[in-house]
Amino acid sequence: MFAKAPDPKREQFRRYLERAGVIDSLTSVLVSLYEEREKPSNALEFVKQHLNAVGHTSADTEALQQEVTDLRQRCTHLEEENKDLKAKLQLYEPVSKDGGTAN
């Protein structure tokens, strides 16, 4: 049979995918799926989840962990500030027996 000559646009696109790391990522995820003892019922969902994991670099992970730490500290600070403000408010508006503020 006749061998089909490679399409230049197709070859260019393949090289682009290789440079971008797409082929390696897809290969890695498909190998993971192949090596699973119990195949998942939804292979597409498996690929999506594992591609998300492959896309996160350690720098991304470190940045996200730092953001979580910063947000937790801010949340703690705001909770303390809220507690202090509620205590100050009690000095000016004592709570009545029914749970509302007295006027």
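A residue counts as partly exposed when its relative accessible area falls between the buried limit, under 20%, and the exposed limit, over 50%. Arg-15, at 39% relative accessibility, therefore counts as partly exposed in this predicted model.

The protein chain is helical in outline. It has 4 helices and 0 strands. Along the sequence the pattern reads α-α-α-α. Of its 103 residues, 6% count as buried. The chain exposes about 9,700 Å², and carbon and sulfur atoms supply 55% of that area.

Side chains of opposite charge can pair when their charged atoms come close. The count comes to 3 salt bridges. Glu-11 bridges to Arg-14, with the closest N and O atoms 2.6 Å apart. These two residues are separated by about one helical turn, because they lie 3 residues apart in helix H1. Glu-11 also forms a salt bridge with Arg-15, where the closest N and O atoms are 4.0 Å apart. A salt bridge between Glu-18 and Arg-14 has an N to O distance of 2.5 Å. Glu-18 and Arg-14 both lie in helix H1, 4 residues apart.

The structure holds 1 aromatic pair. Phe-13 and Tyr-16 form this pair, which is tilted, at 6.0 Å centre to centre and 35 degrees between the planes. Phe-13 is partly exposed at 49% relative accessible area, and Tyr-16 is partly exposed at 45%.

A further ring contact involves Tyr-34. Lys-39 lies over the face of Tyr-34, at 5.7 Å from the ring centre.

A nonpolar surface patch is formed by Val-22, Leu-26 and Leu-30. Together these residues have about 230 Å² of accessible area. Leu-30 sits in helix H2, which spans residues 22–35. Leu-30 is partly exposed, with a relative accessible area of 49%.

An unreviewed UniProt entry annotates residues 61–88 as "coiled-coil region". In the model this span is 100% helix and 0% strand. Its end C-alpha atoms lie 41 Å apart.

Methods:
Residues numbered from 1 in each chain as written. Predicted model: local features only at pLDDT ≥ 70, side-chain atom pairs only at ≥ 80, totals over all residues. Heavy atoms only, no water. Patch = residues over 30% accessible without salt bridge, like charges linked within 9 Å, V, L, I, M, F, W, Y side chains within 5 Å. Areas by Shrake-Rupley, 256 points an atom, 1.4 Å probe, with all protein chains shown as cover. Salt bridge = Lys/Arg side-chain N within 4 Å of Asp/Glu carboxyl O. Buried < 20%, exposed > 50% of the residue type's maximum accessible area, 1.4 Å probe, protein only. UniProt positions renumbered as here; feature names shortened; annotations may be inferred. Phe/Tyr/Trp six-rings, centres within 6.5 Å; stacked < 30°, edge-to-face > 60°. Lys NZ or Arg CZ within 6 Å of the ring centre and 35° of its normal.
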